[in-house]
Amino acid sequence: MQAAGKEKRGRTAEGHNSGNSSDSYSSSRIASKFAELRARNERGLVTYAMTGFPSDRVSVSAVSGMIRGGADVIELGFPFSDPLADGPAIQEASSGALGRGATFERFLRTASRIRRANRDVPLVLMTYTNILYNLGYDRAASMISDAGIDGIILPDMAVDESAPYVAAARRCGLDTIFLASPNTPAGRLRRIANISTGFLYMVAVYGTTGVRSARAGGRASKAGGSSVAGYALDAIRRAKRTAVRSGARLPVGVGFGISSPADVRQYVGAGADAVIVGSAYAKITKESAPKDVEKNVSTFTRRLKAATRNAS
Amino acid sequence: MSRKYPKNGRFGEFGGRYIPETLVPPVEELEESYLRFRDDPSFKAELDSYLRNYAGRPTPLYHAKNLSGELGGAQIYLKREDLLHGGAHKINNTLGQALLAKRMGKRRVIAETGAGQHGVATAMACAALGMRSEVYMGSTDMARQRPNVLRMGMLGAVMRPVDSGSRTLKDAINEAIRDWIANVGDTYYLLGSAVGPHPYPVMVRDFQRVIGDEIRRQVARQAGGGGTADVVIACVGGGSNAIGTFYPLAGTGTRLVGIEAAGRGLGTGMHAATLSAGRRGVLHGMMTYLLQDAEGQITETHSVSAGLDYPGVGPEHAYYKESGAVSYRSATDSEAVDAFMRLTRTEGIIPALESSHAIAEAVRIAPQMKRSERIVVTLSGRGDKDVEEVQRYLAGGR
């Protein structure tokens, strides 16, 4: 694998605890991006593309469309056979990619290509624990870092089990982005914030990706054609209060079930530093002719990005 | 073997809790409630009463004299879990967990099922306790286990067909977990095997250990002289009847043997023998042995018995394998069907295809043992559900 992103960083295993400056959370492209956004008084748009769906080439077109449309951070999905945190759209993208022979080697080649074409955009791998455990966390982390990727999200990795994974990621300077949920109690939220670097991923709904739960309770506020649960807004406020260390604040990104500019405005209004959109892109990619994917994705991204600008 | 509650839910390096963050609070609530109620005298008395008067415990230990005589070696005893209400050991666990769910104030119970036995046992326990149940089942399994699907419907369970992945047990678990994530407030996930995130493997084992506890007492009484069994055999899919059998017997000097489904043969790749042919990995909230490809993708399994058709295994079995406390072997579809027919013919007992894998091991080893030696086989369920499948198998040549 080419060392497309080799030049960037070099941090210690305790990097997330030792610093006290504003970049103590991360010295990666992700941190620089959030600093840049803050300076522009703008919020971030994080977009997700399942690599290899519907093909390697088209998924790269989708990423190009995201970048052209103004996405600030790109999540690159690598499929797992049993994506239990994902709803139907990403399940379908996962099985589609696996059906076309997705392998981790191919994923790394795709990521390297994207990195070579885009020096500065932060790239984050999203997959499931078994994929990295199977490679060995240390070997996986160095391969991921060599491909020019900046951070990792594993939706089934609980902080309680994360020590060997986090140590491996730190050794390679990769950010570890953990998820928190509206029902995460205060003490645990602090632990999650302390071990997360890059940003904290707050799940907006009780449910899987792309799905909004009607049953799980919580008041829904219907303003602006969106339906954001009251508990989600509370969760963002709580996360923002918690994710503060030594005067520096870890950015809080909000994801799951966000699919429209109206949703984006709601979460941005509630104080989210970034919004994360995934399943909506899987749908656009699936429903567009391959030649239109880049254009359609970029148009959609531009609309979402605009909603992150005229915030508070 | 230690009676301790495993620290951090770990059996050696296996087990743990690899779950989406939304499930952490409900899983912690479950653990807390379980630890509170398992030693609560009124909970124990209520469960004991249901096990006795509703499920039919204790189950007999039957000396299979005809089978033993035909094989000409060790004496074979059958632990008759097939005689329980519902026709399988599953009711031991569903009564325990449904009572727990009720005490926790949960109004909605969800479950996954493979062969349908756990789904039926869940529907029965919920009907008896006046609770609502919804059962996730792969559409492939629904087609091959039609009578159980009908039974669940009549018992009042809402069926939730699963069309994702291989449309079998593994996918039914994925879908049940997704449901739980979306409904953490009022929903209790009643897992059917000794798998999943901590505390499920421990809790299911504790509800199933009644099998091994009874075997110990019954062998001592029936065999006379405070005797013990020389070999105890159980089949292993997720491994709930096996862990319930082995846990109280581990360290007593009895040789313990778990039998996995070798399907069409370990060499063919068409099997479900996780411990025999798998590698460590993380699935369904636990670290354990898994059938997976070089990339860490979970592979599809095959077994003539839907109840053993699972690419993972309970983490305590993974630990027993590595510590050597239990030996794990396997039996093919054809050996299981032979054992099914042999027990049916010699003893007039129709065993579940799952349990037939354990019988197959007894058939294999009994002739090499002395007539004074004793084998106990946990007959985890009855085979009425399997008669069509067996006919199809025999008609197809294999």
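User: Which element gives the most to the lining of the second largest pocket?

Analyst: This is a predicted model. H4(A) gives the most, with six residues. The second largest pocket holds about 410 Å³ of space. Its lining has 25 residues, and A:Phe80, A:Ser81, A:Ser95, A:Leu98 and B:Gly165 are the closest to the centre. Two elements give two or more residues: helix H4 (88-99) of chain A and helix H8 (169-182) of chain B. By class, the lining has six nonpolar, eleven polar and eight charged residues.

User: What makes up the lining of the largest pocket, by class?

Analyst: Seven nonpolar, two polar and twelve charged residues. About 670 Å³ of space lies in this pocket. Of its 21 lining residues, B:Leu47, B:Asp48, B:Leu51, B:Asp206 and B:Val210 are the closest to its centre. Helices H1 (24-38), H2 (41-55), H9 (200-208) and H10 (210-222) of chain B each supply at least two residues.

User: Why is the pair of A:Phe34 and A:Phe199 called tilted?

Analyst: The ring centres are 6.0 Å apart, and the limit for a pair is 6.5 Å. The planes stand at 55°. Stacked needs under 30 degrees and edge-to-face over 60.

User: What makes B:Tyr50 and B:Tyr54 an edge-to-face pair?

Analyst: Their planes are 75° apart, and the cut-off is over 60. The centres lie 6.2 Å from each other, within the 6.5 Å limit. Both residues sit in helix H2 of chain B, four residues apart, about one turn of the helix.

User: Are B:Tyr50 and B:Tyr54 buried or partly exposed?

Analyst: B:Tyr50 has 21% relative accessibility, and B:Tyr54 has 27%. Buried means under 20% and exposed over 50%. Both values fall in between, so B:Tyr50 and B:Tyr54 count as partly exposed.

User: How do you know that the charged end of B:Arg205 sits over the ring of B:Tyr247?

Analyst: The charged end of B:Arg205 is 3.8 Å from the ring centre. The distance limit is 6 Å, and the charge must also be within 35 degrees of the ring normal. The pair is listed as sitting over the ring. The charged end of B:Arg36 likewise sits over the ring of B:Phe37, at 5.0 Å from its centre.

User: What makes the phi of A:Asn41 worth a remark?

Analyst: Phi of A:Asn41 is near 55°, a positive value in a residue other than glycine. Most residues other than glycine have a negative phi. A:Asn41 lies in the loop between H2 and S1 of chain A. Phi of B:His284 is also positive, near 50°.

User: Why is A:Asn41 called exposed, and why is B:His284 called buried?

Analyst: A:Asn41 has a relative accessible area of 54%, and exposed means over 50%. B:His284 has 3%, and buried means under 20%. So A:Asn41 is exposed, and B:His284 is buried.

Note on methods
Residues are numbered from 1 along each chain as its sequence is written. Chains are lettered from A and ligands numbered from 1 in the order in which they are written. This is a predicted model: local features need pLDDT of at least 70, side-chain atom pairs count only at pLDDT 80 or more; totals for chains, interfaces and linings use all residues. Side-chain values use heavy atoms; hydrogens and water are left out. On a 1 Å grid over the protein atoms alone, a cavity is a set of points where a 1.4 Å probe fits but cannot get out, and a pocket is an open set with protein on both sides within 12 Å along at least five of seven lines; lining residues have an atom within 4 Å of a point. Grid points are joined across faces, edges and corners, and a volume is the space filled by probe spheres set on the points. Ala, Val, Leu, Ile, Met, Phe, Trp, Tyr, Cys and Pro count as nonpolar, Asp, Glu, Lys and Arg as charged, and the others, Gly among them, as polar. Buried means under 20% relative accessible area, exposed over 50%, partly exposed in between (1.4 Å probe, protein chains only).
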